[in-house]
Amino acid sequence: MKKKTFSRFTIILFLIGLMVGIQYNTINEPESRESHDIWELRQELSREKQLHSELLSEISALDETLVKYDNASSASPEQALKDTVQELRISAGLTDMTGPGIEITIEPSPEAMAFGYEIEGISPDLLIRFVNEINRFKGLHVSIDGQRLVNNTAIRDINGAVTVNARPVSTPPFAIKIISPSTEDNQKLYNHLLGSRLIDDFFIDNLNVAVQEPSEKLTIEAFDEALPVDFLNASEGE
Amino acid sequence: MWLSILGLILGITVGLMADIRIPPEYANYLSIAVLASLDTLFGGIRAHLQQTYDDKIFVSGFFFNIALAAGLAFLGVHLGVDLYLAAIFAFGVRLFHNIAIIRRLLLTKWTEKQKVRKTI
């Protein structure tokens, strides 16, 4: 009799153990399995390498500045500082820029005009998509309808009007100007824009994207407001 | 008794080694089933110590409790009420209760043994 009881207990305990084991396995699963194939790994590697080379070039640029400071420290420290300030102003978008660039006109599509549709403004989502698309290219200076894009530019809908830097964008047609760091980059951007699927997205909104031939000298305006800086204070003394 | 513990160890080993995984959405049911079976187990041990153990009650209780708990959890998911909490509560309370009784029974047994030894 007792033997039978214990055998029952054994079976039940075995089942409990089995369930606990399975539960433990299930709970501890999260580490996902490596399922990348060799090409995905290669792509990842090349992305990382690109990042690496970007970081290296940044380091070398900073090193250059450092050397400049060292050289200038005896001669004219102010000049070196002024140069740096000027560089920073350029990268922040606080100066007018002239360089190789492309002008793009966003206009109502001829089909929409032929059908007599009402011309509506561009949607902020589409504009943001466009900006994100061209931001694949590094070091661009962009202005949309005369508004320079800086780091804290907001493109959004305010009371039904699409605004850039809180200024309304005019109803199409309006111009987008892009300045690239070099002529080759400019050409690359031009080719990319011509082949981009983004133009189809504009067409859905009854808009046509006219990409003008790259020009060697295009000028875009400076960001004309004070940059809002919340947490940076000028240091005093020393 | 050692056979039972061996069974438990064997079960855990097989469960871990077999590398069986159930879909995460069913993990809740399994955890409740484990709780239900632990409840039955301790109930069985208590009954054994109180000399009221019955084979049929033990085995049927095991499967019935598991099915009931899983069913409650299933119903809860479909009704949008966390009914499995009811199962967890009931089993949890009973588990503590049973373990307390087992502890008391074992303690009385032990003290009686001591007494007997002293009188000898």
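This is a predicted model: local features need pLDDT of at least 70, side-chain atom pairs count only at pLDDT 80 or more; totals for chains, interfaces and linings use all residues.
Chain A contains 7 helices and 9 strands, and of its 238 residues, 21% are buried. Among the contacts in chain A that have a separation of 6 or more, 79% are between residues 24 or more positions apart.

With strand S7 (residues 174-179) of chain A, S1(A) pairs in the antiparallel sense over 6 bridges, and A:Glu103 is found opposite A:Lys177 in S7(A). Strand S8 (residues 207-211) of chain A also runs antiparallel to S1(A), joined to it by 5 bridges, with A:Thr105 opposite A:Ala210 in S8(A). As a general point, strands of a sheet pair through backbone hydrogen bonds, either parallel or antiparallel.

Elsewhere in chain A, an open sheet of 3 strands has the order S4-S5-S6, with antiparallel pairing. Its edge strands are S4 (155-158) and S6 (167-168) of chain A, each of which pairs on one side only. Strand S5 (residues 161-164) of chain A is joined to S6(A) over 2 bridges in the antiparallel sense, and A:Thr163 stands opposite A:Pro168 in S6(A). Helix H5 (residues 124-134) of chain A packs on this sheet, where it touches S4 and S5 of chain A, and its direction makes about 170° with that of S4(A).

Turning to the two chains together, 24 residues of chain A are in contact with 32 residues of chain B. The side of chain A that touches chain B is made up, by class, of 14 nonpolar, 7 polar and 3 charged residues.

The largest nonpolar core has 29 residues, of which A:Ile16, A:Met19, B:Ile32 and B:Ala69 touch the most other members. At least two residues of this core are supplied by each of helix H1 (2-27) of chain A and helices H1 (2-17), H2 (27-49), H3 (55-79) and H4 (84-119) of chain B, and the largest share, 10 residues, comes from H1(A). Leaving aside residues up to four places away in sequence, A:Met19 touches B:Leu30, B:Ala33, B:Val34 and B:Ser37. There is also a second, separate core of 24 residues, which includes A:Ile104, A:Ile134, A:Val169 and A:Leu189.

Methods: Residues are numbered from 1 along each chain as its sequence is written. Chains are lettered from A and ligands numbered from 1 in the order in which they are written. Two residues are in contact if their C-beta atoms, placed from the backbone, lie within 7 Å. Ala, Val, Leu, Ile, Met, Phe, Trp, Tyr, Cys and Pro count as nonpolar, Asp, Glu, Lys and Arg as charged, and the others, Gly among them, as polar. A nonpolar core is a set of buried Ala, Val, Leu, Ile, Met, Phe, Trp, Tyr and Cys residues joined through C-beta atoms within 7 Å. A residue is buried if 20 or more other C-beta atoms lie within 10 Å of its own, exposed if 12 or fewer, and partly exposed in between; C-beta atoms are placed from the backbone. Helices (H or I, at least four residues) and strands (E, at least two) are DSSP runs, numbered from the N terminus. Two strands pair if DSSP finds at least two bridges between them. Axes are lines fitted to C-alpha atoms, for helices over the stretch in contact, and angles run from 0 to 180 degrees between N-to-C directions.
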